[in-house]
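Reader: Please take a close look at one part of this model. Then set that part in the context of the whole chain.

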Amino acid sequence: MLRDFRWRIAIPYIILILVVMAALTIYISRTTWAAQQGALEASLKGEARILAEGAQSVVIEQDDSAFDDLAQQFAELLNVRATIIGPDGTVLGESDEDRSQMDNHLNRPEVQQALQSGEGSSIRYSQTLDTDMLYVATPFDIGEEVAVARVALPLSQVESNINQLQNALVTAAIVTAAAAIGVAILIAGRTSRTIHRLTEVARRMAAGDLDARLHLPAGDDLGDLTQAFNHMADELRERVNDLDDERGRLTAILDNMADGVLITDATGRVSLINPAAAHLLDVEEDEAVGRFFAEVARHHELIELWNYGCEQSEGQAAAVEISRQDVFIQMIVSPLETAGQEGCLVILQDLTRLRRLETVRHDFISNISHELRTPLASLKALIETLRDGAIDDPPAAQRFLERADFEVDALTQMVVELLELSRIESGTVPLLLQATAVEDVVVPPVERLRPQAERDDIDLTLDLAANLPPVLSDSDRVQQVVSNLVHNAIKFTPSGGKITVSAVQDLNDPAVIFSVKDAGVGIPANELPRIFERFYKADQARSGGGTGLGLAISRHLVQAHGGQIWAKSKESKGSTFYFSLPLAGDYDSD
Ligand code: ADP
């Protein structure tokens, strides 16, 4: 009950009212009692004096029973008990009792007082009447001696008056306390209702409903409290919204970052991981959070670096190759303190592409050096042979010069192709795109190479589907691609072989698919993905001569047209090279 706000307010009031009423009752009872007793005593004193005067006159009559008669008359008249006590304490006259039975009254306090100071009073319990009595005594002279006249009245009347008064006061106290309880409960109830509603609103806010508000008119304390509460709620919502915005921005940045970001807490568990980090470590984001870093990284070098980096005061970085996924990661670990908690920030950078580019560049340089070295060494040898005397042998000199010429041509061809490739790669070769009939891009290069095929006893067949729609192309460039593919096919097909050049319409896309099929040496499966790289030559083909740039150039040209190029091959069974070109469609060449 005491936990209830209403009672907490009401009970002190009730206690206060009861204490005040009790004190008031006691005080009023006492003062009333004293006043009533005083008044009674004063009137009894007067009556005692009258009785004394009466007794004095009886003394003159010298009649033995005269005192009794006087006492009785007096008692009847004034409705009191009257007693006349002789100088030796003997009761001479008595109104209410048999005086022969009464003991000596000299030592009664009121008698003693009267004898000493002229008047005496006392309150005593009367066993005869079973009540408190007020006795008042006055001396009077009997000759030379002093007797005492005494009147007494039971105090029961005064007591009943006081009781009545007390009852009235207690009733008033109870009624007032009850009214106070009612009023206190009413006031406290209203206050506590508002507090309960505020508590409810606070609970709803804690549960996430930041729009919950309580509306009370301002003015009183609770109204002001409610307004302050609402203001606090507004501020809170604003802060939470700001935090949400910030978190949203941070999440967007983390989600879209190319670098992986991972945070571990003081216990070494992952508390945050972004998609890039999850991808690099090949784990699911949801599963990684809450697990130990070692479980998530699963790579001893990463774990060692993380361990070491977390203990250092400065960030540590190292590049690690994770062979499992064929990825190359640079990891930077720095200790991190967030909200007083120690942790670690791990940044993961994917260096795989950079590494690959580096490898390509490295291969390119070593390839180009290799490709240049062979004709240059051969030229050097030819020049030395000529200088050593062959120049004086005209037929031999002629042969050497022709060989030198061939090598210079090969070198020139390579430089031309390299320049061409670099221009195509950098996008500086403009394509003159227009609607072109398929025959126009296929027939000229095939016919140009036909004598070479015939010389090698190779059957070169053209197989174009009927009614092919025109393609969108720069005819010269596409002829260059066809020429490259047919030239390769002738180069890698032994004599007596067969080459088929065909074109069909793509069933899935608005494109025409061209193919050059040979029954030559084929390409090993592991080399097939690399043949479109610059300078790449499959081992078996080394003998075929050539720069290794033809397919790289073809790929760039086809891609510049918006097409695709690919190859299928089986070693020693033959290869088929395909490329697609988009249809001209509604393209208007103007
Ligand atoms: P190259 O000038 O050496 O022919 P390419 O770029 O045209 O250079 O070809 C690259 C490599 O691809 C060749 O060295 C060869 O190994 C392989 N290749 C190309 N076409 C064929 C084919 N029709 N049959 C077998 N191998 C081929």
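Author: Phe 293 is buried, and Trp 306 is buried too. Buried here means under 20% relative accessible area; exposed means over 50%, and partly exposed lies in between (1.4 Å probe, protein chains only). The model is predicted, so local features need pLDDT of at least 70, side-chain atom pairs count only at pLDDT 80 or more, and totals for chains, interfaces and linings use all residues. Residues are numbered from 1 along each chain as its sequence is written, and side-chain values use heavy atoms, without hydrogens or water.

Now the rings. The count of aromatic pairs comes to four. Phe 293 belongs to helix 8 (residues 293-297) and Trp 306 to helix 9 (residues 300-311), 13 residues apart, so the pair links distant parts of the chain. Phe 514 and Phe 579 also pair and are stacked, at 4.7 Å centre to centre and 5 degrees between the planes. This pair, too, links distant parts of the chain: Phe 514 sits in strand 15 (residues 511-518), Phe 579 in strand 17 (residues 574-582), 65 residues apart. Phe 514 and Phe 579 are both buried.

Two rules apply here. Rings of Phe, Tyr and Trp (its six-membered ring) pair if their centres lie within 6.5 Å; planes under 30 degrees apart count as stacked, over 60 as edge-to-face, and the rest as tilted. Helices (H or I, at least four residues) and strands (E, at least two) are DSSP runs, numbered from the N terminus.

Val 289 has a relative accessible area of 41%, so it is partly exposed. Beyond residues up to four places away in sequence, Val 289 touches Val 270, Ser 271 and Ile 273. Contact means heavy atoms within 4.5 Å. Ile 263 is 26 residues from Val 289 in sequence, and 9.5 Å from it in space, C-alpha to C-alpha.

Asp 68 is in helix 2 (residues 66-78). Asp 68 counts as buried because its relative accessibility is 16%. Leaving out residues up to four places away in sequence, Asp 68 touches Leu 92, Gly 93, Glu 94 and Arg 99. Arg 361 is in helix 10 (residues 352-387). Arg 361 counts as exposed because its relative accessibility is 53%. Arg 361 and Gly 574 are 213 residues apart in sequence; in space they are 31 Å apart, C-alpha to C-alpha.

Finally, the whole chain. The protein chain has 14 helices and 17 strands. Its radius of gyration is 65 Å, well over the 25 Å that the globule rule gives for 590 residues, so the chain is more spread out than a compact globule. That radius is taken over C-alpha atoms, and the rule is 2.2 Å times the number of residues to the power 0.38. Along its principal axes, the C-alpha trace spans about 210 × 60 × 40 Å. Buried residues make up 39% of the 590. Among contacts between residues at least 6 apart in sequence, 56% join residues at least 24 apart.
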